[in-house]
Amino acid sequence: MVIQVQDLMKRYGDVVAVDGLSFEVERGEMFGLLGPNGAGKTTTIRVIMDIIRPDEGRVMVLGQPPGQAKAQVGYLPEERGLYRNLKVLDTLVYLAELKGVPRPTARERAMHLLERVELEEWASRKVKDLSRGMQQRLQFVASLVHDPEILFLDEPFQGLDPVNVERIKDLMAELHREGKTIVLSTHQMNLVEALCDRILLIDEGQVVLYGPLAEIKRQYAPHAVRVRAPHIPLDLPGVVGVEPDDGAFNLALAEGARPQEVLRALLDRRVEIQAFEVAPVPLEDIFVAAVSGEEAEGRR
Amino acid sequence: MDWRKVWVVARHEYLTNVRRAGFIIMTAAVPALGILVLLFGAFFAGQARQLGAFFERQFEVGDEPIGVVDETGYFSPILPEYQGNFVLYGGEEEAKAALLDGKVSSVLMIGEDYLETGRVVVMSTGSGFGAAALSDSDRVRAFFVDHLLAGRVDPVLRERAAAPLDVEPRVLSSGGETRGEGGWGFAFTFIIPYFLAFFLIMTIFVSSGYLLQSVAEEKESRVIEIVVSSVRPVELMAGKVAGLGVLGLTQIVVWSLSVWGFSGGAVLLLAATGAASIPARVLALGVVYYMLGYVLYAIMMAGVGALGTTMRESQQLAGIFSFFAAVPYMLSGFLFTNPNMLIARILSFFPLTAPTMMMMRLPLAEVPWVDVAGSIAVLLLSIPAALWVGAKLFRVGLLIYDKRPTLKEIGGILRGGG
């Protein structure tokens, strides 16, 4: 367990930003922290980063209070920016030194990371001379320059073009393979689905969903199958509804009916099946359903 | 407090700001002005008489003789010692012709009623300024007094009447000693330390201005979020105050060295007059007020600067402090005549005005020890208070990007944790 948050509470005046939040992040996992705007994600991250203090609750990072683990944690904030008039290399070295890395080590690591994101030729240029995409890559490596064990990425893909999204994704996957723990906070559900092992969905400062992504998806999977075929007979046993959907059909199943039985029935009727799958549920739908309070009971 | 991080921040702030064009220009331009002022002061203090004479010459009408048309008889003939400078003419027409020919610079027409009315018509070419200057000239005054009294009073009395007083100022202090060098030199014994104090106060504002700028820039560019995830706000603040304080000192050192370098031989003179005119007590206290003033203002600027959402907004907020610090300057006219006046003493006990007020008062007069001890105590007590408030505002203000907090919210921040 690298991060433990217990009954975290944070108020701003009369507004409760985080309301009794508890969760844990395991070593080496890619953890998704999700929630609509104003759900309390950034506040939670800032407490873990020791930027703000909680009103109540207990937070431990690598078994220590957050203030003592700063050197082992990297942070890419949602609100982004760097010293515009500073040189690229100097910026990275300074930020590493602030984390307690000795100057020579900081230089070495900074150069290595710049090579990794193809910015080594820009090392002695000023930050303001870099293009937007380059600045974002630089910002990303700035959060890694002190070689942290845990990395917090708040909306890392915001404002990135597809090429740079791929670059950052690759880099994240690489870091994940190296055994780093990554906490990813984003709105982009497709990326969470592609990258994260476990997720925490919060709304109004409280836990809405928490656990392994696969399990949550299974929990929320609708009781339906998706079939791509020229036509679907209307009197299939165990099927209570058929809806065409983008060249395929969604078949809602009756309670107790199993997908295998439907498949067998389709084959018996000699329907020309091109594709057959248990209907998936996009994380986005789970997110919307969970946040808007719909339990999607009818679809279970 | 992790002092290593404080050092990293301080070094970063120093190295970044020392390369700023604004800093370089300020550091290079001010000594030029300072050299002028200081050299002027040194020159005046050592050679007051020569310089006094030099200044007088500047206001003299020139070396050309002055024509005189005398209808009273007092000025005919012209006394031998004035014959080179004054030429007697028999009548108005003759004098006018000489004036137009450039033989004389102007003509004094002393009419019959002169003794009763003192009326003298001054004719000159060009602007009327010559005539006005003439009436104020010591040479012309002496000419009149000497001729009116010649042969009627004894020569010593005549000379005294022509130059009735030569002032030698002395100031009585509680120690009983007197200071005085006469004339201009005396004035400059005050003006040198006064300007030194002025420069020191300037550097306080330059440095705390950089501090404000550095906080506002980090906030505006959002890099602050990464910085405070690495260092505690109090470490960041301490590093900035230290780094930019040393930057201010750099400026002073550069200024002092350039004055020393440029003045060359005059440096001895400067040292002599400087040391004589700035008593050790004033110097030592000046340094104390400088340090205390800088730390207090820097902390305030950092705290308040953190509240603004843009550089401009931060500057407006910090303007309040600059206003307080400037109050003693608004009073400087009165301070020169009475440095220990009541309002000055009151302002010496108010933390925001105490450093500047005391730095201005100290060179001007013997300041009561109660004021010295009191103002230092007030500053020593205000600094921890400012640190407490400043660090809280700093910590919370740093992360408020969208809008400036209201006074009510600031109250909430101070009461709560943040």
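Two residues are taken to be in contact if their C-beta atoms, placed from the backbone, lie within 7 Å. By that criterion, 20 residues of chain A are in contact with 18 residues of chain B. This is a predicted model, in which local features need pLDDT of at least 70 and side-chain atom pairs count only at pLDDT 80 or more, whereas totals for chains, interfaces and linings use all residues. Residues are numbered from 1 along each chain as its sequence is written, while chains are lettered from A and ligands numbered from 1 in the order in which they are written.

On the side of chain A that touches chain B, the largest share, four residues, comes from helix α2 (residues 88-98) of chain A; helices (H or I, at least four residues) and strands (E, at least two) are DSSP runs, numbered from the N terminus. That side of chain A divides into eleven nonpolar, two polar and seven charged residues, where Ala, Val, Leu, Ile, Met, Phe, Trp, Tyr, Cys and Pro count as nonpolar, Asp, Glu, Lys and Arg as charged, and the others, Gly among them, as polar.

Helix α2(A) also packs against helix α4 (residues 132-142) of chain A, at an angle of about 25° and with the axes 10 Å apart. Axes are lines fitted to C-alpha atoms, for helices over the stretch in contact, and angles run from 0 to 180 degrees between N-to-C directions. α2(A) and α4(A) are therefore roughly parallel to each other, a term for angles under 35 degrees. In this contact, A:Val88, A:Thr91, A:Leu92 and A:Leu95 of α2(A) meet A:Leu138, A:Val141 and A:Ala142 of α4(A), which by class gives six nonpolar, one polar and no charged residues.

The domain assignment of chain A, which is automatic or taken from a database, gives two domains, as tabulated here.

| Domain of chain A | Residues |
|---|---|
| domain 1 | residues 3-217 |
| domain 2 | residues 223-280 |

Taken over C-alpha atoms, the centres of these two domains are separated by 43 Å.

Chain B holds an open sheet of four strands in the order β2-β1-β3-β4, with mixed pairing; two strands pair if DSSP finds at least two bridges between them. Its edge strands, each pairing on one side only, are β2 (86-89) and β4 (120-124) of chain B, and neighbouring strands of the sheet are turned by 25° against each other on average, direction ignored. Strands β1 (residues 66-70) and β3 (residues 106-110) of chain B run parallel and are joined by four bridges, with B:Gly67 standing opposite B:Val107 in β3(B). Across β1, β2, β3 and β4 of chain B lies helix α4 (residues 92-100) of chain B, which runs at about 175° to β1(B).

Definitions and conventions. Angles under 35 degrees count as roughly parallel, over 145 as roughly antiparallel, 65 to 115 as roughly perpendicular and the rest as oblique.
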